[in-house]
Amino acid sequence: MVNRILVGAHYGLKDWLIQRATAIIMAVYTVIFLVVVGAVGPDSFEAWRAIFANGFMKFATFLFFVSVFYHAWIGVRDIWMDYVKPDGLRLLMMIATATVLVGYAGWAVQILWRM
Amino acid sequence: MAEMAIKKKRPKNLDLPTIRLPLPGILSIIHRISGAGLFLLLPFLLWLFQSSLTSSETFASVRGVVAHPLVKIVLLGLIWFYMHHFCAGIRYLLLDLHKGIELEAARLSSKVVFAVSIALTLIVGAKVLW
């Protein structure tokens, strides 16, 4: 028998998987973005705006942003867990991180759908 | 309680100045630093993105901001952070799949990550910033 007490039941598999799934989404989007921008070569406001006015690019960019924020949550949380030892301060850092990331998600939606 | 069961006495060497990190270790810590840096500059990047899409006036003002040499250096650094995080991340995904986990292969792939990410940074930086 393994000599450890199983408490919490969270061993981080879900976060580990989401970190990788969001990484793949971001990597694919990065290639799409570089190809589209390379092909269009937007040199004016209208051409740049047209890229994100396109339904597919708007959808893909939104997915990219959501992936960035979720991926950042897992990564930054790991940094706090590694380096911030006082429990209260660590909790505060995590709450602050989650809060700004949710705010950024709202901001990203506003940018994409109000342009 | 759980801690008491898990904690064992293990030798510890965390004297940072005396640790000579091999290249895959340097890649790893830059992966973390670049991730943290990109996170910290998210509001700046979102603001740039928003301004670039709001109106032709704000688009022009973004061009003005990006033309500043100091901003160019920061953005070039961010592009390198992104490219390093991207390339090192793909390496980690391959390691997850047990591809290239032998010492020689892992050392070689970390060299490839540095070479490719720096090359991509120069190409994208030249295209976008100059």
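**Note on the predicted two-chain model**

1. Helix α2 of chain B has a buried side formed by B:Leu27, B:His31, B:Ser34, B:Gly35 and B:Phe39. Viewed along the axis of α2(B), these buried residues fall within an arc of 130°, so they line one face of the helix. On the other side of α2(B), the exposed residues are B:Gly25, B:Ile26, B:Ile29 and B:Leu40. It should be kept in mind that the model is predicted.

2. The partners of the buried residues of α2(B) come from both chains: they pack against α3 of chain A and, within chain B, against α3, α5 and α6 (103–129). As to length, the 18 residues of α2(B) should span 26 Å at 1.5 Å a residue, and the end C-alpha atoms are 25 Å apart, which agrees.

3. The contact between the chains draws on 21 residues from chain A and 22 residues from chain B. On the side of chain B that touches chain A, at least two residues each are supplied by α1 (2–6), α2 (23–40), α3 (42–54), α4 (56–67) and α5 (69–96) of chain B. The most is given by α3(B), with seven residues.

4. Leaving aside residues up to four places away in sequence, A:Phe69 touches A:Leu101, A:Tyr104 and A:Ala105.

5. For chain A, an unreviewed UniProt entry places the feature "transmembrane region" at residues 21–41, 47–70 and 91–113. In the model, the span 47–70 of chain A is 96% helix and 0% strand, with its end C-alpha atoms 30 Å apart. The span 91–113 of chain A is 100% helix and 0% strand, and its end C-alpha atoms lie 33 Å apart.

6. A further annotation in the unreviewed UniProt entry, "binding site", covers A:Tyr83. This residue is found in helix α3 (residues 55–83) of chain A. Is A:Tyr83 buried or exposed? A:Tyr83 has 9 other C-beta atoms within 10 Å; because a residue with 12 or fewer counts as exposed, A:Tyr83 is exposed.

Key
Residues numbered from 1 in each chain as written. Chains lettered and ligands numbered in written order. Predicted model: local features only at pLDDT ≥ 70, side-chain atom pairs only at ≥ 80, totals over all residues. Contact = placed C-beta atoms within 7 Å. Helix = DSSP H or I, 4+ residues; strand = E, 2+ residues; numbered from the N terminus. UniProt positions renumbered as here; feature names shortened; annotations may be inferred. Buried ≥ 20, exposed ≤ 12 C-beta atoms within 10 Å, placed from the backbone. Expected span 1.5 Å × (residues − 1). Arc of directions from axis to C-beta.
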